[in-house]
Amino acid sequence: MKIGLLGYGKMGQLIERYAIKRGHEVAWAIGSSSREDITSVDLKNADIAIDFSKPDAALDNISLCFEHDLPIVVGTTGWYDHLEEVKATCVDANQSMLYGSNFSIGVNVFFHVNKLLAKAISPYKQYDTQVEEIHHIHKLDAPSGTAITIAEGILDAYTDKDNWVNRLEGSGEEIIPAKNELLIESLRLEEVPGTHTVLYSSEVDQIEFKHTAHSRDGFALGAVVAAEWLVGRKGFYQVTEMFDFNK
Ligand SMILES: NC(=O)C1=CN([C@@H]2O[C@H](COP(=O)(O)OP(=O)(O)OC[C@H]3O[C@@H](n4cnc5c(N)ncnc54)[C@H](OP(=O)(O)O)[C@@H]3O)[C@@H](O)[C@H]2O)C=CC1
Ligand SMILES: O=C(O)C1=N[C@H](C(=O)O)C[C@H](O)C1
């Protein structure tokens with residue numbers, strides 16, 4: 001498979017390594033610190049694009065791929081307010097797109113079990129629920145896309161909560177969640193690749209459900225596997241749809 005990379009930073013460069021390891025070719029790579037500039041690239045030289053760029057670049061990159069009939073895997077986070085319109089455009093234009101807030105196997109198992117756990121605990125109102133995420137200091141978006149997916153999984157199980165609210169430590173904003181809101185605490189710390197915890201706390205005990213990424217390798221390998229999965233399919237998909245345990 002020939003892969004085009006939109007974004008050639010920490011993730012883009014690691015994805016290239018995994019793509020080559022799995023027998024693929026990187027046809028082009030775009031990003032200001034990359035080998036190529038977008039105007040000098042024939043996008044159609046690739047069978048598929050993988051976008052790990054920046055929150056404010058993802059929407060344009062998605063549109064560009066749709067215009068060129070190029071399937072796209074999107075790992076970039078921070079653009080999910082536009083998810084419904086992107087999905088509609090993709091389906092109406094008969095294009096192919098798969099997006100995911102997290103491509104690692106471990107986190108996708110975590111997403112699955114998170115929903116089961118929330119369903120089991122939600123009737124017991126003595127438990128306060130909260131999501132915590134820790135990432136490196138370079139991260140542009142808060143909360144993380146992964147934390148949003150986790151929060152949405154929890155909110156599905158709660159009839160008395162319908163929204164999440166974010167508290168970014170150090171932002172100076174005082175955020176106190178209302179009764180119908182689920183708190184997502186974000187912390188930015190040195191070079192942490194990504195840690196997510198769900199906490200259920202009562203007066204008598206606490207449940208902590210936690211995933212710790214030791215590196216970005218799981219995300220990068222997962223993105224290449226997602227590209228292999230998407231090629232030949234039409235429509236709009238989430239990474240969770242690749243996994244059997246959701247059936
Ligand atoms: N879904 C998942 O599993 C994961 C998602 N992510 C997400 O992926 C994204 C990228 O992460 P990461 O690689 O760590 O970030 P980096 O900042 O290391 O890399 C982003 C790259 O995108 C480039 N870029 C900027 N503008 C554009 C553009 N318009 N088109 C293409 N490329 C552009 C940047 O260039 P320059 O710096 O010169 O501006 C930079 O090289 C983030 O949104 C992050 O949250 C990260 C890990 C896992
Ligand atoms: O920016 C990152 O680094 C990461 N972003 C994704 C997110 O926002 O959830 C996935 C991973 O946690 C790393």
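Which residues does UniProt give for the feature "domain: Dihydrodipicolinate reductase C-terminal"? The UniProt record, an unreviewed entry, places this feature at residues 106-242; positions follow the numbering used here, feature names are shortened, and annotations may be inferred rather than shown by experiment. The model is predicted, so local features need pLDDT of at least 70 and side-chain atom pairs count only at pLDDT 80 or more, while totals for chains, interfaces and linings use all residues. Residues are numbered from 1 along each chain as its sequence is written, and chains are lettered from A and ligands numbered from 1 in the order in which they are written.

The protein divides into domain 1 (2-103 + 217-246) and domain 2 (105-212), with bounds from an automatic or database domain assignment. Their centres, taken over C-alpha atoms, are 26 Å apart. The contact (C-beta atoms, placed from the backbone, within 7 Å) takes 14 residues from domain 1 and 14 residues from domain 2.

Ligand 2 lies between the domains because domain 1 and domain 2 both give residues to its shell. The residues around ligand 2 (C-beta atom, placed from the backbone, within 6 Å of it) include Thr77, Ser101, His135 and Lys139.

In the largest nonpolar core, which has 40 residues, Ile15, Ile50, Val73, Ala223 and Ala227 touch the most other members. Such a core is a set of buried Ala, Val, Leu, Ile, Met, Phe, Trp, Tyr and Cys residues joined through C-beta atoms within 7 Å, where buried requires 20 or more other C-beta atoms within 10 Å of the residue's own, all placed from the backbone. Another core, of 13 residues, lies apart from it and includes Phe111 and Leu182.

Notes. Contact = placed C-beta atoms within 7 Å. Buried ≥ 20, exposed ≤ 12 C-beta atoms within 10 Å, placed from the backbone.
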